[in-house]
Amino acid sequence: MSKQELMDEIVSEVQVCRKCRLWQYARNPVPGEGSLEASLMLIGEAPGYREDLEGRPFVGSAGKLLDKLISGITLRREEVYISNIVKHRSLKNREPKADEVEACTAYLDRQIQIIRPKIIATLGKHSTRYILSKVNIEVDGLTAVRGRGYKKNLLGLPVTIIPTFHPAAVLYNPAYRSGLEEDFQKIREELEKKV
Ligand code: SF4
């Protein structure tokens with residue numbers, strides 16, 4: 001099967017998924033979007049209000065900030081792949097529960113295996129905790145791991161994992177903004193390195 005066919009299969013499964021309770025509250029699933037040849041994969045937490053309406057990741061105000069950060073490292077949004085650890089919005093945007101993350105992340109794992117990115121940037125504590133747990137790193141708090149590059153074997157693939165803030169957290173607390181921008185420069189440096 002081609003990469004596109006494999007990804008289409010995931011999208012179809014997510015559209016009818018009932019593996020956790022979140023589908024009940026959502027208008028649309030948000031499986032993810034972007035280039036299947038992306039060197040950079042960005043992984044957030046869960047769809048928000050606008051994402052749920054449009055069925056696309058990071059299209060609200062946090063998405064606008066993310067677009068700026070992506071263009072700030074001379075990439076276009078279509079050149080990266082953007083996804084979340086859970087694919088349906090929760091009621092009132094509450095944080096995803098452990099059983100929801102456990103139920104949903106098999107989709108994300110398959111997306112990573114299809115795209116085979118050079119770099120995964122985890123946006124916020126939930127996606128950071130999930131991805132680093134897969135390489136046996138326990139995360140107490142985001143600040144301890146943020147901005148570091150973890151060169152690891154993830155799902156059988158060599159990848160550099162760079163945790164950073166979620167753009168929504170930066171909108172809520174602008175003091176984080178310079179850290180988020182620094183971390184994106186780190187992403188850029190890693191992308192420019194020869195393998
Ligand atoms: S959030 Fe994930 S596991 Fe839960 S219903 Fe949606 S697609 Fe399925």
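These legends go with several close-up views of the structure above. The model is predicted, so to speak of local features a pLDDT of at least 70 is needed, side-chain atom pairs count only at pLDDT 80 or more, and totals for chains, interfaces and linings use all residues. Residues are numbered from 1 along each chain as its sequence is written, and side-chain values use heavy atoms, with hydrogens and water left out.

View 1. Around the ligand stand C17, K19, C20, L22, W23, K87, H88, A103, C104 and Y107; a residue is near a molecule if one of its heavy atoms lies within 4 Å of it. Sorted by class, this shell holds 7 nonpolar, 1 polar and 2 charged residues. The classes are simple: Ala, Val, Leu, Ile, Met, Phe, Trp, Tyr, Cys and Pro are nonpolar, Asp, Glu, Lys and Arg are charged, and the others, Gly among them, are polar.

View 2. The ligand takes up the space of the largest cavity; a molecule sits in a cavity or pocket if more than half of its atoms lie within 2 Å of its grid points. Searching the whole structure gives 1 cavity of 30 Å³ or more. The largest cavity has a volume of about 100 Å³, where volume is the space filled by probe spheres set on the points, and grid points are joined across faces, edges and corners. Its lining has 13 residues, and C17, K19, C20, H88 and C104 lie nearest the centre. Helix α4 (residues 98-115) gives the largest share of this lining, 3 residues; helices (H or I, at least four residues) and strands (E, at least two) are DSSP runs, numbered from the N terminus. By class, the cavity lining has 9 nonpolar, 1 polar and 3 charged residues.

**View 3. R110 on helix α4.** R110 is placed in helix α4. With 27% relative accessibility, R110 counts as partly exposed; buried means under 20% relative accessible area, exposed over 50%, and partly exposed in between (1.4 Å probe, protein chains only). From R110 to K87, 23 residues apart along the chain, the C-alpha atoms are separated by 13 Å.

**View 4. The largest pocket.** This pocket contains about 670 Å³ of space. It is lined by 28 residues, and those closest to its centre are E45, A46, H166, A168 and A169. Two or more lining residues come from each of α2 (49-54), α3 (61-72), α5 (125-133) and α7 (167-172). Its lining divides into 12 nonpolar, 10 polar and 6 charged residues. H166 sits in the loop between β6 and α7 and counts as buried at 14% relative accessibility.

**View 5. An aromatic pair.** Which kind of arrangement do the rings of F165 and Y176 have? A pair of aromatic rings is described by the distance of the centres and the angle of the planes. Searching the whole structure finds 1 aromatic pair. The ring centres of F165 and Y176 are 4.5 Å apart and the planes lie at 10°, so the pair is stacked. Rings of Phe, Tyr and Trp (its six-membered ring) pair if their centres lie within 6.5 Å; planes under 30 degrees apart count as stacked, over 60 as edge-to-face and the rest as tilted. F165 belongs to the loop between β6 (157-164) and α7, and Y176 to the loop between α7 and α8 (177-192), so the pair ties together parts that are 11 residues apart in sequence. F165 is buried, at a relative accessible area of 7%, whereas Y176 is partly exposed, at 33%.

**View 6. Two residues with positive phi.** Most residues other than glycine have a negative phi. T74, which is not a glycine, has a positive phi near 55°; T74 lies in the loop between α3 and β3 (81-84) and is exposed, with a relative accessible area of 55%. N136 has a positive phi of about 65° and is not a glycine either. N136 is found in the loop between α5 and α6, and at 73% relative accessibility N136 counts as exposed.

Key. 1 Å grid on protein atoms, 1.4 Å probe; cavity = no way out; pocket = protein on both sides within 12 Å on 5 of 7 lines; lining within 4 Å.
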